[in-house]
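Subject: Model for you to look at

Hello,

Here is the model for your files. Please open it next to this email, as my notes follow the structure.

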Amino acid sequence: MSDRHPLFVPLIFVGGLIFGFGLGFSHMARPEVVLDFLQFEDLGLPFVMFGAAIVSGVAFALLPRIRDAAPLTGKPYERRLKPFDRNVLVGGAIFGVGWGLSGICPGAAYASLGVGNVTILWALAGMFLGAYLQGWWRSRTRTRDTAATGAD
Amino acid sequence: MVTDPILLQTAAELFPNGISRYAVGGLLVGLGTVLIYLGTGIPAGASTFLESTLSYVSDQPRFQQYVSSRDWRVVFTAGIVLGGAAFAATFQSGLVSSSLYQPGTTGQLYEVAGVTLWTTEVQPWRLFLGGILVGIGTRVGKGCTSGHGVCGVGSASKTSLVGVLTFLTVAIGTAQVVAALGVSP
């Protein structure tokens with residue numbers, strides 16, 4: 001932590017600010033709007049997810065050609081690639097049930113707290129409990145998937 | 001013709017709130033991600049915060065791999081919360097307006113010290129139970145809507161594309177079943 005570039009933490013913070021502002025602006029911080037999409041009543045959501053993916057995709061494709069490494073960390077510019085295994089399907093399905101039931105995903109839940117949605121604390125409490133349960137369970141059955149990376 | 005009234009009417013039904021607020025919001029989410037990536041080379045996702053923050057209070061071995069990143073993940077998440085608050089203090093409060101931003105009619109608005117805040121009408125049990133499943137699922141499945149959906153898809157990662165298709169399909173099915181059972185909001 002001490003050998004980090006002095007701008008590392010401020011940059012992360014400003015990036016988070018823009019990220020959260022965008023989630024507020026797009027109304028993804030409102031579970032109702034997500035649920036409206038999932039029930040085909042307002043198809044706006046893909047514009048948020050794929051709009052963001054296109055912007056990040058351009059950067060992920062271009063930056064490695066322009067520079068070798070990031071200025072604040074010296075970390076090489078790499079794409080976000082995760083190994084595929086059954087967990088991606090099992091976890092994705094569990095996440096899907098939760099997302100479809102509540103209309104809430106992690107990033108949008110934090111932004112939702114920011115727009116004043118105190119009721120979202122129920123979802124945040126649930127997320128921490130869920131993350132703890134899987135951590136406790138996977139710490140006990142640690143024979144598989146030891147290849148987890150720290151990048152994400 | 002672009003001005004075909006039937007086409008326009010269909011679009012109005014599918015997009016009752018227009019598309020600009022979604023597209024602009026998505027561009028900003030992408031911009032936040034890019035800014036962090038540009039400076040640090042980190043394709044940040046939002047759900048790892050859950051596990052990395054648990055490493056402060058739990059000694060389960062599973063969480064210890066995130067000790068080195070847990071501090072900046074707290075900063076990232078604080079930024080997201082305050083970014084939402086900045087939105088509330090500007091567009092949500094009516095202090096700033098734009099033709100690209102369309103306010104919504106969902107939930108409940110209330111005011112604190114001149115700032116218009118918003119709260120959901122979705123029932124707490126749905127949020128809590130859904131939250132538990134989101135907490136388990138995103139961590140087992142290696143990412144959420146930002147990690148897989150934004151950074152992973154942006155990286156053209158096959159794993160992430162499969163992850164997104166999985167949770168999107170299951171979420172649509174779940175929401176339809178819940179609505180069919182008459183649960184609202």
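First, a term used below: a polar contact is a pair of N or O atoms within 3.5 Å; within protein, one must be able to donate a hydrogen and the other to accept it, and residues adjacent in sequence count only if both atoms are side-chain atoms. Arg79(A) gives an example: its side chain reaches the backbone oxygen of Ser155(B) at 2.4 Å.

Some ground rules. This is a predicted model, where local features need pLDDT of at least 70, side-chain atom pairs count only at pLDDT 80 or more, and totals for chains, interfaces and linings use all residues. Residues are numbered from 1 along each chain as its sequence is written, chains are lettered from A and ligands numbered from 1 in the order in which they are written, and side-chain values use heavy atoms, with hydrogens and water left out.

**Arg79(A)**

Arg79(A) sits in the loop between α3 and α4 of chain A. Helices (H or I, at least four residues) and strands (E, at least two) are DSSP runs, numbered from the N terminus. Arg79(A) is partly exposed, at 42% relative accessible area. On that scale, buried means under 20%, exposed over 50%, and partly exposed in between (1.4 Å probe, protein chains only). Leaving aside neighbours within four places in sequence, Arg79(A) is in contact with Phe60(A), Tyr37(B), Ser155(B) and Ala156(B). Contact means heavy atoms within 4.5 Å. Phe60(A) is 19 residues from Arg79(A) in sequence, but their C-alpha atoms are 6.1 Å apart.

**The interface**

How many residues of each chain are in contact with the other? The count is 118 residues of chain A and 133 residues of chain B. The area buried between them is about 11000 Å², and carbon and sulfur atoms give 72% of it. Buried area here is the accessible area (1.4 Å probe) that two parts lose on being put together, summed over both. The rule finds 43 residue pairs in polar contact across the interface, both residues at pLDDT 80 or more.

On chain A, the side that touches chain B draws at least two residues from each of α1 (8–25), α2 (31–38), α3 (45–66), α4 (86–102), α5 (106–114) and α6 (121–140). α1(A) gives the most, with 17 residues. By class, this side has 70 nonpolar, 33 polar and 15 charged residues. Ala, Val, Leu, Ile, Met, Phe, Trp, Tyr, Cys and Pro count as nonpolar, Asp, Glu, Lys and Arg as charged, and the others, Gly among them, as polar.

Thr120(B) lies in the loop between β2 (115–119) and α6 (124–140) of chain B. Thr120(B) is buried, at 7% relative accessible area. Not counting residues up to four places away in sequence, Thr120(B) touches Pro31(A), Glu32(A), Asn117(A), Thr119(A) and Leu127(B). A polar atom of the Thr120(B) side chain lies 3.0 Å from the backbone nitrogen of Val122(B).

**Salt bridges**

A salt bridge is a side-chain nitrogen of Lys or Arg within 4 Å of a carboxyl oxygen of Asp or Glu. One is between chain A and chain B.

In that one, Lys142(B) meets Asp85(A) at 2.9 Å, N to O. Lys142(B) lies in the loop between α6 and α7 (147–154) of chain B and Asp85(A) in the loop between α3 and α4 of chain A, so the pair joins two chains. Lys142(B) is buried, at 14% relative accessible area. Asp85(A) is partly exposed, at 24%.

Glu51(B), Arg62(B) and Arg139(B) are linked in a network of salt bridges. Glu51(B) and Arg62(B) meet at 3.0 Å, N to O. Glu51(B) is in helix α3 (residues 48–54) of chain B and Arg62(B) in helix α4 (residues 61–64), so the pair ties together parts 11 residues apart in sequence. Arg139(B) and Glu51(B) meet at 2.6 Å, N to O. Arg139(B) is in helix α6 of chain B, so its pairing with Glu51(B) ties together parts 88 residues apart in sequence. Glu51(B) has 0% relative accessibility and counts as buried. Arg62(B) is buried too, at 9%.

**Backbone points**

Most residues other than glycine have a negative phi, and most peptide bonds are trans. His27(A) has a positive phi, near 65°. His27(A) is in the loop between α1 and α2 of chain A and is buried, at 1% relative accessible area. Phe40(A) also has a positive phi, near 60°. Phe40(A) is in the loop between α2 and α3 of chain A and is partly exposed, at 46%. A cis peptide bond joins Ser184(B) and Pro185(B), with omega about -5°. Pro185(B) is in the segment after α8 (158–180) of chain B.

Best wishes
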